[in-house]
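Q: Hi! I'm new to this one, could you walk me through it?

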Amino acid sequence: DVAPSRGLGDVYKRQMEETGLSESKGESQMIRKPKQMSESMILGVVLTLAGGFQDAYSYNCRGQVFANAQTGNIVLLGQNIASGNFQNALHYLFPLLAFLAGVYLSEWVRELCKSFQKLHWRQIVLAFEIVMLAIAGLLPQSLNVVSNVLMSFACAMQVDSFRKFRGIPCATTMCIGNMRSGTELLCRYLSLIHISEPTRRSYIS
């Protein structure tokens, strides 16, 4: 049937485009397009480790507030409001607002600094994040609210600035989106694995 083949060919094309691969006609050699350092796997692993550590640190050492998992903060905020613990609810409200502010600032950094030649705008974001996390770690326990605000602000800048690695969408501070993307890519792989290489090339020729 022609229709199913075309559909499968479209899936194969889309998979190659999103993963940064290109294939010339009549050749079986795959050529990976040049990628930015900000999309490297090493950086992705480092940022993911940092994101996981920040959540564990903020929850276990800074008053059971999430630095990254803002969904958890929203749930705990609503629970405290429903229980009448309005003062405790503020501990979760401030990190939420800081997260929004962090995304807003990172977008402005990208707009204002994207034309820089010697310094990439993502390097500026990382410098901001390092400084804020260092300050957050040095603050005493009496300033847990301020520490959580700084961490949420830094995490927001990170998740907004580093959105994909090796051309594949990926979040370094949360799991749900990665689980969805990983399952989607697995489905695409299984739909193409039984097709021979010459047949794959015929779909994109």
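Here is a chat about the chain, its confidence and its helix contacts.

A: Happy to! This is a predicted model, where local features need pLDDT of at least 70 and side-chain atom pairs count only at pLDDT 80 or more, while totals for chains, interfaces and linings use all residues. Residues are numbered from 1 along each chain as its sequence is written, and side-chain values use heavy atoms, with hydrogens and water left out.

Q: How many helices and strands are there in the chain?
A: The chain has 8 helices and 4 strands. Helices (H or I, at least four residues) and strands (E, at least two) are DSSP runs, numbered from the N terminus. Starting at the N terminus, the order is α-β-β-α-α-α-α-α-β-β-α-α.

Q: And where is confidence lowest and highest?
A: Strand β2 (residues 31-32) is lowest with a mean of 46, and α3 is highest at 92. Those values are pLDDT, the predictor's confidence in each residue, from 0 to 100. For the chain, the mean pLDDT is 77, with 75% of residues at 70 or more.

Q: Which stretches have pLDDT below 50?
A: Residues 1-8 do, and that stretch has 5 contacts beyond near neighbours in sequence. Residues 21-32 are also below 50, with 26 such contacts in the model. A contact means heavy atoms within 4.5 Å. Where pLDDT is low, the predicted coordinates should not be read in detail.

Q: Got it. How do α4 and α6 pack?
A: Helix α4 (residues 86-113) and helix α6 (residues 144-161) meet at an angle of about 35°, their axes 7 Å apart. Axes are lines fitted to C-alpha atoms, for helices over the stretch in contact, and angles run from 0 to 180 degrees between N-to-C directions. The contact includes Phe94, Ala98 and Phe99 of α4, and Val149, Phe153 and Cys155 of α6.

Q: What classes of residue are in that contact of α4 with α6?
A: There are 14 nonpolar, 6 polar and 2 charged residues. Here Ala, Val, Leu, Ile, Met, Phe, Trp, Tyr, Cys and Pro count as nonpolar, Asp, Glu, Lys and Arg as charged, and the others, Gly among them, as polar.

Q: What about α4 and α5, at what angle do they cross?
A: Roughly 140°, and the axes of α4 and helix α5 (residues 121-138) come within 9 Å. Ser106, Val109, Arg110 and Cys113 of α4 meet Trp121, Ile124 and Val125 of α5. That contact of α4 with α5 divides into 5 nonpolar, 1 polar and 1 charged.

Q: Is Cys113 buried or exposed?
A: Cys113 counts as buried because its relative accessibility is 12%. Buried means under 20% relative accessible area, exposed over 50%, and partly exposed in between (1.4 Å probe, protein chains only). Cys155 is buried too, at 0%.

Q: How many disulfides turn up?
A: A search of the whole structure finds 0 disulfides, a disulfide being a pair of cysteine sulfur atoms within 2.5 Å.

Q: Switching topic: what does Met132 touch?
A: Met132, which lies in helix α5, touches Leu150, Phe153, Ala154 and Met157, leaving aside residues up to four places away in sequence. Met132 is buried, with a relative accessible area of 11%.

Q: And where does Gly72 lie?
A: Gly72 lies in helix α3 (residues 70-83) and counts as buried at 18% relative accessibility. Its C-alpha atom is separated by 9.1 Å from that of Tyr92, 20 residues apart along the chain.
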